[in-house]
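Trainee: Could you take me through the aromatic rings here, up close? I'd like to know what they do geometrically, and then what else sits in the parts of the chain they belong to.

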Amino acid sequence: EFGQDFFLEENNPPFKKEVLWEVRRGLDIHDNQLYEAINIAAEWSSCCSTLLIDNNKYDALALPSAQMWPFPAHIDWPKTILGDEEVLMDTYHRWMEVVIPVTLAGLPCVTIPAGFSDNGLLPIGIQLFSSRGKDLDIL
């Protein structure tokens with residue numbers, strides 16, 4: 001078991017500073033915040049179920065797999081995304097936050113290749129996701 005001191009930067013922990021950031025934030029979460037987050041996730045999951053099951057219109061829905069093209073491995077994480085306007089990423093999560101809706105809802109999902117950049121070198125994918133219990137169907 002690790003004590004909180006293990007995660008202090010001066011103790012030189014064997015992982016990236018982003019992991020330290022996550023652990024510190026997690027240690028600061030109070031029970032009422034966790035309860036609220038669980039309720040938000042349950043409400044979101046219910047909304048997704050309504051869209052996918054109750055309406056019975058869609059077998060699956062699709063989202064991009066990331067908000068940007070792959071980046072060089074020597075970069076910790078992209079600090080900006082450039083579209084019509086440059087958008088500053090305040091945390092390392094932002095460049096991949098498009099996966100949050102499906103993950104938060106606890107839905108089965110598969111990411112598949114969808115194409116390449118204009119120069120043909122950079123791949124991009126899409127997430128296909130469905131309602132709970134449809135794991136095999138989505139494959």
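**A close look at the aromatic pairs**

Mentor: Let's start with Y92, which is partly exposed, because its relative accessible area is 21% and the buried class only covers values under 20%. Keep in mind that this is a predicted model.

Now for the partners. Searching the whole structure turns up two aromatic pairs. In one of them, the ring centres of W21 and Y92 sit 6.4 Å apart with the planes at 75 degrees, so this pair is edge-to-face. The cut-offs behind that are centres within 6.5 Å and planes over 60 degrees apart. This pair joins distant parts of the chain: W21 belongs to helix α1, Y92 to the loop between β3 (86-88) and α3, and 71 residues separate the two.

The other pair is F71 with W95, again edge-to-face, with 5.0 Å from centre to centre and 90 degrees between the planes. F71 comes from the loop between β1 and β2 and W95 from the loop between β3 and α3, so the pair ties together parts that are 24 residues apart in sequence. As for cover, F71 has a relative accessible area of 24%, so F71 counts as partly exposed.

Helix α1 spans residues 17-27 and holds W21, and at 30% relative accessible area W21 is partly exposed. Leaving out residues up to four places away in sequence, W21 touches T91, Y92 and H93.

The S65 side chain reaches the backbone oxygen of G125 at 3.0 Å. Skipping residues up to four places away in sequence, the contacts of S65 include V98, V99, I124 and Q127.

I40, W44, I100 and L104 make a nonpolar surface patch of about 350 Å². Helices α2 (31-54) and α3 (100-105) are the elements that give two or more residues to this patch. I40 sits in helix α2, and I40 counts as partly exposed because its relative accessibility is 45%, where exposed would take over 50%.

How values were computed
Residues numbered from 1 in each chain as written. Predicted model: local features only at pLDDT ≥ 70, side-chain atom pairs only at ≥ 80, totals over all residues. Heavy atoms only, no water. Patch = residues over 30% accessible without salt bridge, like charges linked within 9 Å, V, L, I, M, F, W, Y side chains within 5 Å. Areas by Shrake-Rupley, 256 points an atom, 1.4 Å probe, with all protein chains shown as cover. Salt bridge = Lys/Arg side-chain N within 4 Å of Asp/Glu carboxyl O. Helix = DSSP H or I, 4+ residues; strand = E, 2+ residues; numbered from the N terminus. Buried < 20%, exposed > 50% of the residue type's maximum accessible area, 1.4 Å probe, protein only. Polar contact = N/O pair within 3.5 Å; in protein donor to acceptor, adjacent residues only side chain to side chain. Contact = heavy atoms within 4.5 Å. Phe/Tyr/Trp six-rings, centres within 6.5 Å; stacked < 30°, edge-to-face > 60°.
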